[in-house]
Amino acid sequence: MNRTTGTRRQRAVLASWLALVGLAAGAFLVHGPAIPSASGTTASALPSPTVDEPATGGPKSETAVLAGGCFWGVQGVYQHVKGVTSAESGYAGGDAATANYDTVSSETTGHAESVRITYDPSQITFGQLLRVFFGVVQDPTELNFQGPDVGPSYRSVVFAQNDNQQKIADAYIAQLNRVGSFPSPIVTTVTTGANFYPAEAYHQDYLRLHPNNPYIVANDLPKLGALKSDFPDLYRD
């Protein structure tokens, strides 16, 4: 089974094919060495969070859950971030009974395609994970869609795991809006108390296992390129 199942995924793959045709024809050009992020903003231009957790001390493993469009790309990007020990695709925002792809695709469950990130806070902070999230993973100004994927399951959400994460995320969104990092207001929401449910096995490691999939080539490999270009200190092969 693959992600082309269902009309919503067929539309997304068709859009990806058209994007690839446009790239081949020179319809979309990238100027200069920097690779645009999902929002069109160069990720390196985003400021570091002024409110963040300390980079030393405390536990050696923490968890973050982020939703920013199709979980293939979100997982694939964070698997290349230093200090991240694991990234798992799944669903958050709804109930356990509806945490499966076919039901989530109905856009009636409250779930968002999400990624659970386990990281070492002595190597990377939650605020740095958010800088990657807003810089290269997704466009935080798109409401209930990301690129070719449309529906609330593709919404932008920080599922804060504790009060400190909520404080950091709220402060960073306010900071980015205040300095005008994006041409439109950020629509990313921050919420607590949502459970995470792992996605089906065929969704896991999709970017790594299927790098030539047209959806991955058009939508997700540019994000990985932006991570490497704009965050060289955080990127790992």
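**Close-up views of a predicted model**

View 1. Lys 223 and Asp 220 are both buried (buried is under 20% relative accessible area, exposed over 50% and partly exposed in between, with a 1.4 Å probe and protein chains only). The two residues form a salt bridge whose closest N and O atoms are 3.6 Å apart; the term stands for a side-chain nitrogen of Lys or Arg within 4 Å of a carboxyl oxygen of Asp or Glu. Both partners sit in helix 7 (residues 214-230), 3 residues apart, or about one turn of the helix. Helices (H or I, at least four residues) and strands (E, at least two) are DSSP runs, numbered from the N terminus. A note on the source: this is a predicted model, in which local features need pLDDT of at least 70, side-chain atom pairs count only at pLDDT 80 or more, and totals for chains, interfaces and linings use all residues. Residues are numbered from 1 along each chain as its sequence is written, and side-chain values use heavy atoms, with hydrogens and water left out.

**View 2. Two further salt bridges.** The salt-bridge count comes to 3. Arg 116 pairs with Glu 88, with the closest N and O atoms 2.7 Å apart. This pair links distant parts of the chain, since Arg 116 belongs to strand 3 and Glu 88 to strand 2 (residues 84-92), 28 residues apart. Arg 116 counts as partly exposed because its relative accessibility is 29%, and Glu 88 is partly exposed too, at 25%. In another salt bridge, the side chains of Arg 208 and Asp 205 meet at 3.5 Å, N to O. Here Arg 208 is exposed, with a relative accessible area of 54%, whereas Asp 205 is partly exposed at 23%.

**View 3. Helix 5 and its buried side.** Which residues of helix 5 are buried? They are Gln 165, Ile 168, Ala 169, Tyr 172, Ile 173, Gln 175 and Leu 176. These residues lie on the same side of helix 5 because they cover an arc of only 160° around the axis, taken from the directions from the helix axis to the C-beta atoms. Their cover includes strand 1 (62-68), strand 3 (112-119), helix 4 (126-137), strand 6 (156-160) and strand 7 (189-192). On the face turned away from the buried side, look for the exposed residues Asp 163 and Arg 178.

**View 4. The two ends of helix 5.** At the start of helix 5, a side-chain oxygen of Asn 162 comes within 3.1 Å of the backbone nitrogen of Asn 164. Just after the helix, Gly 180 adopts a positive phi of about 70°.

**View 5. Pro 121 in its loop.** Pro 121 is located in the loop between strand 3 and helix 4. With 2% relative accessibility, Pro 121 counts as buried. Leaving aside residues up to four places away in sequence, Pro 121 touches Glu 53, Pro 54, Ala 55, Pro 59, Lys 60, Ser 61 and Glu 62 (a contact means heavy atoms within 4.5 Å). The C-alpha atoms of Pro 121 and Val 84 are 9.0 Å apart, while 37 residues separate the two along the chain.

Note on methods:
A polar contact is a pair of N or O atoms within 3.5 Å; within protein, one must be able to donate a hydrogen and the other to accept it, and residues adjacent in sequence count only if both atoms are side-chain atoms.
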